[in-house]
Amino acid sequence: MQVKVDEELVRHIASLSRIKLSDEEVKALVEQFNSILSYFSKIQSESSDLPIPSPMDRLVDLTNVYRCDEPRRSETDFTTLFPNKEGRYIKAPKIV
Amino acid sequence: MKVADVVKSVKSGEKSAVEVVQEYLGVIKRVDPKVHAFLYVDEAGSLSRAREIDEEIKSGRDPGPLAGVPVAVKDNIAVKGMPLTCASRILEGYVSPYDATAVSRLKAAGAIVIGKTNLDEFAMGSSTEYSAFGPSKNPRDLSRVPGGSSGGSGAAVASGMVPLALGSDTGGSVRCPASFTGVYGLKPTYGLVSRYGLVSFANSIEVIGGFSAWAEDLSLLFSVIRNTDSPDPMDQTTVFSSPLAFPGLRGIRVGLIKETLAEGTSEDVISVIDRLISKLVEAGATVEEVSLPSLELALPSYYLLACAEASSNLARYDGIRYGKPCPLEARNWNEAFSEVRGTGFGPEVKRRIMMGSFVLSSGYYDAYYLKAAAARKKIREEVLKALKGYQLLMAPTNPVVAPKLGEKTSDPLSMYMLDLDTVPFNLAGVPALSLPAGKGAYGLPVGVQLVGAPLMDDWVIGAAKELEGMGAVELAGEVARLE
């Protein structure tokens, strides 16, 4: 399955990714995605017979590690980083 | 000067830690305007830490195995009180409230974090040209890239601005700059160095690694940062309480990976490999060609998986909790996020997030993401099988020497191709070291990878040390003097 990427698909992915693009960016990305995906298409032809690994398949076996539930940092460590704030509250765009 | 000698002179009082730090700060002042390896240099902080180290020594305490050694840290790894930018506009104004585990280990060993180094934005790239703050330059030839993404760390060590540096390696980001700038670079076994405090890009693949001019220095650095117990769920803390020591090259079987020497790998790179083979044979090792047919799937598999993970990991940059502020006058949250992400991220990061959203989206998940995951499993199995027959595998680090600045930026795919020979070992999670084996075209450095079985990091370092000892690593200890 070789996907043909067009401007509509790029705009759809940009919206899923929450990234605003200019018209020039969209045009450039159409070309770049087509070139990258045509190279990557060999993953489809060559690995079609391979078994699909389980979602839990990873490089390291997980083992449970228990730690004391102790605060390691203070609230102000994080509140000082808020770019828009009022006191210890985050300011955000209006919801309604 | 080797790291062990710096430590020795500091501990003996022959030289103070303050003098050591001043010397390196002096080199940074004179050389970095040409190289642009650093995004941040903490002159006051590193000198004050050096004074503490000197006090400890005077009062008879041992500051640790890296007493007074200046270290540079890639700017996607958290150092308390220093900016953490990931070379991105979206993290404008962010100052890290804590130390990464690898960094706190270094500090506890007496090392002094002297500053933060340049990288491709969010570690996505192979040249540092995708840094929002301008590229670093290769100290061996200032018209060329230093490789990436940890290019600032590689360039800093290669020009003598620091003896040690930390980087991160997701698809070759330590080994590529090590190869292009002519220093050692280690990508450890996945999980052996904590990623706590490393900004996530593709967390099923990436590790923190290090750079040095000498093999012995790398071994010292690694002994300090390995086997950490941290909030990283992938930490391998309990394994290998007494690691098997490297037995020496005599009798070792080395597999030269045939596919990495195929078309596209330049002649000068191959001749450096040939010379190294004759040295290995001279040392009593056996070198044979080994074929890993699935390697041709490594690059697409790596990029599809890494982009998928990036699209989810980088969803946290929304301009609400930290970094570049989102516009409060936006009509709704999605508009606010899209605005700040559209202006805060650079072109390569946007490309990868979008590629990741694409392969994870309905209709394409089966066709791309699952196929890439299946290929990854196959590649890992092939690499591990080869490492049952051979104690070490060998491959070029990159198919070519460092490109000119601007040579690859117009075509993203050609930039990805630089990672052809490094990504397989990230997918497999095995240790891989790039050694500055020799010089290729235009006298530029050529790196060669030694790859070991999982957790056998000491073996790849041991092999590098022995090769260096017999004069087989042409650029070992040789830093570029740009003063």
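Two residues count as being in contact if their C-beta atoms, placed from the backbone, lie within 7 Å. Keep in mind that this is a predicted model, where local features need pLDDT of at least 70 and side-chain atom pairs count only at pLDDT 80 or more, while totals for chains, interfaces and linings use all residues. Residues are numbered from 1 along each chain as its sequence is written, and chains are lettered from A and ligands numbered from 1 in the order in which they are written.

**View 1. Where chain A meets chain B.** Chain A puts 40 residues into this contact and chain B puts in 54. On the chain A side, the elements giving two or more residues are α1 (7-16), α2 (23-40), α3 (42-46) and α4 (75-79). Helices here are DSSP runs of H or I with at least four residues, numbered from the N terminus (strands are runs of E, at least two). The top giver is α2(A), with six residues.

View 2. Ala, Val, Leu, Ile, Met, Phe, Trp, Tyr, Cys and Pro count as nonpolar, Asp, Glu, Lys and Arg as charged, and the others, Gly among them, as polar.

**View 3. The two domains of chain B.** Chain B splits into domain 1 (3-250 + 391-469) and domain 2 (296-372), with bounds that come from an automatic or database domain assignment. Their C-alpha centres sit 27 Å apart.

**View 4. Domain 1 against domain 2 in chain B.** Here 30 residues of domain 1 touch 22 residues of domain 2. On the domain 1 side, α13 (412-416) and α14 (423-428) of chain B each supply at least two residues, and α14(B) gives the most, with four. That side divides into 16 nonpolar, nine polar and five charged residues.
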